[in-house]
Amino acid sequence: MSRLPKLKIQSPFENNNNDLYELEQAKNRIDYGAGTIVTVEEQVVSSHEGLAQLASMEQYRDKEFLEVMVVPLIGGG
């Protein structure tokens with residue numbers, strides 16, 4: 001039986017403690033706002049629904065976890 005993978009959420013500006021999150025927990029952990037880029041396994045997602053669709057794809061279903069990178073956009077020059 002296949003299951004959804006957990007998520008290893010990382011950010012370049014946070015102390016990444018390698019915690020794993022269930023898909024539902026990520027709903028409150030990830031900010032999909034205009035000032036943030038969220039990638040999952042090197043694919044950009046723009047919503048929790050997009051993350052759920054990606055996690056349920058056949059190629060990811062039986063993985064232990066997916067790498068999620070949350071990168072805030074920094075303005076300036």
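**Charged pairs and their setting**

Tutor: K63 and E41 meet through their side chains in a salt bridge, with 3.3 Å from N to O. K63 sits in the loop between α2 and β5 and E41 in the loop between β3 and β4, so the pair ties together parts that are 22 residues apart in sequence. A salt bridge here is a side-chain nitrogen of Lys or Arg within 4 Å of a carboxyl oxygen of Asp or Glu.

This is a predicted model, in which local features need pLDDT of at least 70 and side-chain atom pairs count only at pLDDT 80 or more, while totals for chains, interfaces and linings use all residues. Residues are numbered from 1 along each chain as its sequence is written, and side-chain values use heavy atoms, with hydrogens and water left out.

Both partners are partly exposed: K63 has a relative accessible area of 31%, and E41 has 23%. The classes are buried under 20% relative accessible area, exposed over 50%, and partly exposed in between, with a 1.4 Å probe and protein chains only.

The structure holds four salt bridges. Another of them joins the side chains of K6 and E22, also with 3.3 Å from N to O. This pair links distant parts of the chain, 16 residues apart, with K6 in strand β1 and E22 in the loop between β2 and α1. K6 is partly exposed at 34% relative accessibility, and E22 is partly exposed at 39%. A further salt bridge brings together R61 and E58, at 3.0 Å from N to O. Here R61 is partly exposed, with 29%, whereas E58 is exposed, with 61%.

Now the surroundings. The protein chain has two helices and five strands, and from the N terminus on they run β-β-α-β-β-α-β. Helices (H or I, at least four residues) and strands (E, at least two) are DSSP runs numbered from the N terminus. The five strands form an open sheet in the order β2-β1-β5-β3-β4, with mixed pairing. β2 (20-21) and β4 (43-45) are the edges, each with a single partner strand, so one side of each has no neighbour in the sheet. Strands count as paired if DSSP finds at least two bridges between them. β1, the strand of K6, pairs with β2 in the antiparallel sense over two bridges. K8 has L20 in β2 as its bridge partner.

α2 lies across β1, β3, β4 and β5 and runs at about 140 degrees to β4. Such angles run from 0 to 180 degrees between N-to-C directions, and the axes are lines fitted to C-alpha atoms, for helices over the stretch in contact; contact means heavy atoms within 4.5 Å.

The largest nonpolar core has 16 residues, and L7, I9, I30, V40, L51, L66 and V68 touch the most other members. At least two residues of this core come from each of β1 (6-10), α1 (23-29), β3 (36-40), α2 (48-55) and β5 (65-72). A nonpolar core is a set of buried Ala, Val, Leu, Ile, Met, Phe, Trp, Tyr and Cys residues joined through side-chain atoms within 4.5 Å. Leaving aside residues up to four places away in sequence, I30 touches I9, V38, L51, V68 and V70.
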